[in-house]
Amino acid sequence: MSVQVQPATAIETGHLAGPGLRAFFRIAGDWRLSNDEQATLLSVSKATLARWKGGSAPALSVDQLDRLSYILGIYKALQILLPNPAAADGWVRRANDAALFGGKSALDRMLSGRMEDLLLVRRYLDAQRGGWA
């Protein structure tokens with residue numbers, strides 16, 4: 001028996017927008033992200049970002065929800081790996097010699113605009129925690 005998975009609709013994902021964006025904006029503050037960096041991570045225009053910051057509660061696309069999920073997972077993994085909040089929040093901007101980063105920061109990698117890079121950073125941190133990569 002095969003099960004067909006239907007893609008999430010805007011209506012089904014709408015209830016996740018508010019909490020997801022609030023969490024993202026708290027993380028953005030902790031990581032000291034500029035508006036440009038925030039827009040790039042979410043793959044939205046600065047105008048859209050400004051609307052969301054102003055309290056507009058959109059129905060997010062599956063792509064946007066995935067991006068939020070990866071960022072929240074990165075944040076959580078850092079809080080576990082580096083229990084000192086300043087160290088955890090600063091890690092994203094520090095140069096990293098791991099092959100994935102090539103001497104640049106994780107944020108540099110994440111700011112490529114490609115969702116794959118968010119996933120790779122998340123997997124890297126999960127592997128560092130001893131989880132599955």
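A salt bridge is a side-chain nitrogen of Lys or Arg within 4 Å of a carboxyl oxygen of Asp or Glu. The legends below use the term in that sense and describe a predicted model.

**View 1. Arg114 and Asp117 form a salt bridge.** The side chains of Arg114 and Asp117 meet at 3.1 Å, N to O. Asp117 is buried, because its relative accessible area of 2% falls under 20%. Arg114 is partly exposed, with a relative accessible area of 42%.

**View 2. Arg114 also pairs with Glu116.** This salt bridge joins the side chains of Glu116 and Arg114 at 3.6 Å, N to O. Glu116 has a relative accessibility of 43% and counts as partly exposed. Arg114 and Glu116 belong to a network of salt bridges that also links Arg109 and Asp117. Side chains of opposite charge can pair when their charged atoms come close.

**View 3. A salt bridge connects Lys46 and Asp36.** The distance between the two side chains is 3.2 Å, N to O. Lys46 lies in helix H3 (residues 46-53) and Asp36 in helix H2, so the pair ties together parts that are 10 residues apart in sequence. Lys46 is exposed, with a relative accessible area of 51%. Asp36, at 43% relative accessibility, is partly exposed. In total, the structure holds eight salt bridges.

**View 4. Helix H2 crosses helix H4.** The axes of H2 (residues 35-42) and H4 (residues 62-81) come within 9 Å and cross at roughly 115°. On the H2 side, the contact is made by Thr40, Leu41 and Leu42. Gln64, Arg67, Leu68 and Ile71 make the contact on the H4 side. By type, the residues of this contact are four nonpolar, two polar and one charged.

View 5. From the N terminus on, the elements run α-α-α-α-α-α-α. The chain has 133 residues, of which 37% count as buried. Among contacts between residues at least 6 apart in sequence, 55% join residues at least 24 apart. The chain exposes about 7,700 Å², and carbon and sulfur atoms supply 54% of that area.

Methods:
Residues numbered from 1 in each chain as written. Predicted model: local features only at pLDDT ≥ 70, side-chain atom pairs only at ≥ 80, totals over all residues. Heavy atoms only, no water. Axes fitted to C-alpha atoms, helices over the stretch in contact; angles between N-to-C directions. Helix = DSSP H or I, 4+ residues; strand = E, 2+ residues; numbered from the N terminus. Contact = heavy atoms within 4.5 Å. Nonpolar A, V, L, I, M, F, W, Y, C, P; charged D, E, K, R; others polar. Buried < 20%, exposed > 50% of the residue type's maximum accessible area, 1.4 Å probe, protein only. Areas by Shrake-Rupley, 256 points an atom, 1.4 Å probe, with all protein chains shown as cover.
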